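Please read the following report alongside the sequence and the model.

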Amino acid sequence: MIGQPLVGACLAGALWNPGPQWELWALRIPLGVGVLLQLLLTDPSLPAAQRPRDAATAGVIGVSVALFCMERLTPSVSVSTGGILWVLVGTIAGLVASVVGGWMEAPLRARNRARAARADELAREGRLRAFEALYWGGVLRIFLRGASWSAAGTVAGIAAASLILPRLADTVTGPRAGLVFAVLLGAAFASGFHTHVRAARHGLRWAAAGALAVLLLLLRVRGAAP
Amino acid sequence: MIETPPAGTASPLRGLDLAKVTSRSFYLQALFSPERQQGLGFGFALLPVLRRLHSGAGEQGKALARHLGFFGTHPVLAGYVLGVVARLEERRARGAPIEETQIEDVKRALASPLAALGDPLFWVTLRPFAGLVGILGMGLLPLADPLGPDLRVLVCPLLALLTYNAVALRFRFAGVPRGYALADEPGKLLHSLKLAMLTHIFERASAFGFGLLVVLTLSVLTKSADPAGQGLAHITLVLAPFVLGFLGTALGLKRWPGRSVEIALAAALLALALSTRV
């Protein structure tokens, strides 16, 4: 669960928290990127469809790209909608990173075939400590792959954004960033609907009950307000 | 029913051995391969038991080699199979007439239903639900200081982690001891987990929570879309891109399930391209 985009994005955001001049947006960008990626990357069809996505590093890479780009590129790409542009940049970077990270998973698993043959040999020879060392090596390899891909993906994302965004400076305006953000938010909610409502038995009925409950609560709160 | 074993030379298993198996079961998928799936992880997790039951590296190695073949189940529930196998291995080492093939059969017979019940509960329902709880935390928790640091960045992931682990860790820690205790009654063991019931509960909670999230988001969007109070026509115009993104992706997912990433990227690019022409 620690590999979920929301968790990775928020923790990376808290870790990379830039200077006080960015305080208003610095911690809201990780929340925005985390929420969008969480809704887009928890599609229940993904495991069954055998299309692995590296959701664990997507949040970390997305938020790191967003925050570092915000610090470096704001002077050249300044839009009136503030943090929304960087939420967009982070979400798109995270989505691309999840696809590329998924491609890297397949060769790693294929290489485990050779390690399985080696494990058989070690067991037959009764070399249990060597077998354990082989296994712990596998654990370490997963960690190192995640850490190195997070760093490499972040650098690649920042480089790509630094190349593309200044050239689009005239095109990327506040209203346009807002429009793309709204479309992406709609897409994330459609993915969430697919995950939480369509996949559930009587999902629509329960979703309507939830909507009605919060609607009544909001009306009550507004009615009580002076 | 498996017969009560006669006293043999092997030492009985201790609680510490089972605790070691539990702790190692967290790394079950480290050497996952398409052919054996979690086979190597199963052998690695069972090693403390095999070390206790067999003397000499040769015997221990032989016992380990028997457990390195294909094994595939839900990782959170693997502890139940490990516990059952630990109990059978103990009886076999102490002289009970249990064949190697019998242990393998029990292992496979338990692994398949646990995978079939575990995937819908943990991957399809609980994990997205826990993420949703974190997201709802963002919508429902008030900001301590609207102009200061947003502490929800720490609270929301914590909510998601607590929700998932409140359920999953219970199964992780109970798995090995419970499997060991109910090794003779695998049917009772499976039934006692109530996995299907939990799946239904979380499915409904998840749909309820999503309904809540939609209304909360729409309420915030409509408020920010029309700060000057220009009316319904203005709100509809501002919310149109959100609705279009929703409908486009929903239709796309119906046609290409599992392609949410590609559809979202295409939607964002299309929106950018269209916006430059308007």
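In this predicted model, the centres of domain 1 of chain B and domain 2 of chain B, taken over C-alpha atoms, are separated by 41 Å. Domain 1 covers residues 15–202 of chain B and domain 2 covers residues 226–278, with bounds that come from an automatic or database domain assignment.

Residues are numbered from 1 along each chain as its sequence is written, while chains are lettered from A and ligands numbered from 1 in the order in which they are written. Because the model is predicted, local features need pLDDT of at least 70 and side-chain atom pairs count only at pLDDT 80 or more, whereas totals for chains, interfaces and linings use all residues.

Chain B contains 10 helices and 0 strands, where helices (H or I, at least four residues) and strands (E, at least two) are DSSP runs numbered from the N terminus. The radius of gyration of chain B is 26 Å, well over the 19 Å that the globule rule gives for 278 residues, so the chain is more spread out than a compact globule. This radius is taken over C-alpha atoms, and the globule rule is 2.2 Å times the number of residues to the power 0.38. Chain A, for its part, has 9 helices and 0 strands, and its radius of gyration is 22 Å, while a compact globule of 226 residues would have one near 17 Å.

The table sets out values for each chain; pLDDT is the predictor's confidence in each residue, from 0 to 100.

| Chain | Span of C-alpha atoms along principal axes | Mean pLDDT | Residues with pLDDT of 70 or more |
|---|---|---|---|
| Chain A | roughly 80 × 50 × 30 Å | 87 | 92% |
| Chain B | about 85 × 40 × 30 Å | 89 | 94% |

Within chain B, H6(B) has 30 residues and reaches 43 Å from its first C-alpha to its last, close to the 44 Å expected, that span being 1.5 Å times one less than the number of residues. H6(B) also bends by about 45° at Gly175(B), with Pro177(B) following within four residues; the bend is the angle between axes fitted to the seven residues ending there and the seven starting there.

Where the chains meet, 76 residues of chain B are in contact with 83 residues of chain A, contact meaning that the C-beta atoms, placed from the backbone, lie within 7 Å. H8(B) gives the most to the side of chain B that touches chain A, with 14 residues.

The predictor gives the complex an ipTM of 0.90 and a pTM of 0.90. In chain A, confidence is lowest in helix H4 (residues 45–48), at a mean of 53, and highest in helix H7 (residues 128–164), at 95. In chain B, pLDDT stays under 50 over residues 1–5, for which the model has 10 contacts beyond four places in sequence. Where pLDDT is low, the predicted coordinates should not be read in detail.

Conventions
Two residues are in contact if their C-beta atoms, placed from the backbone, lie within 7 Å.
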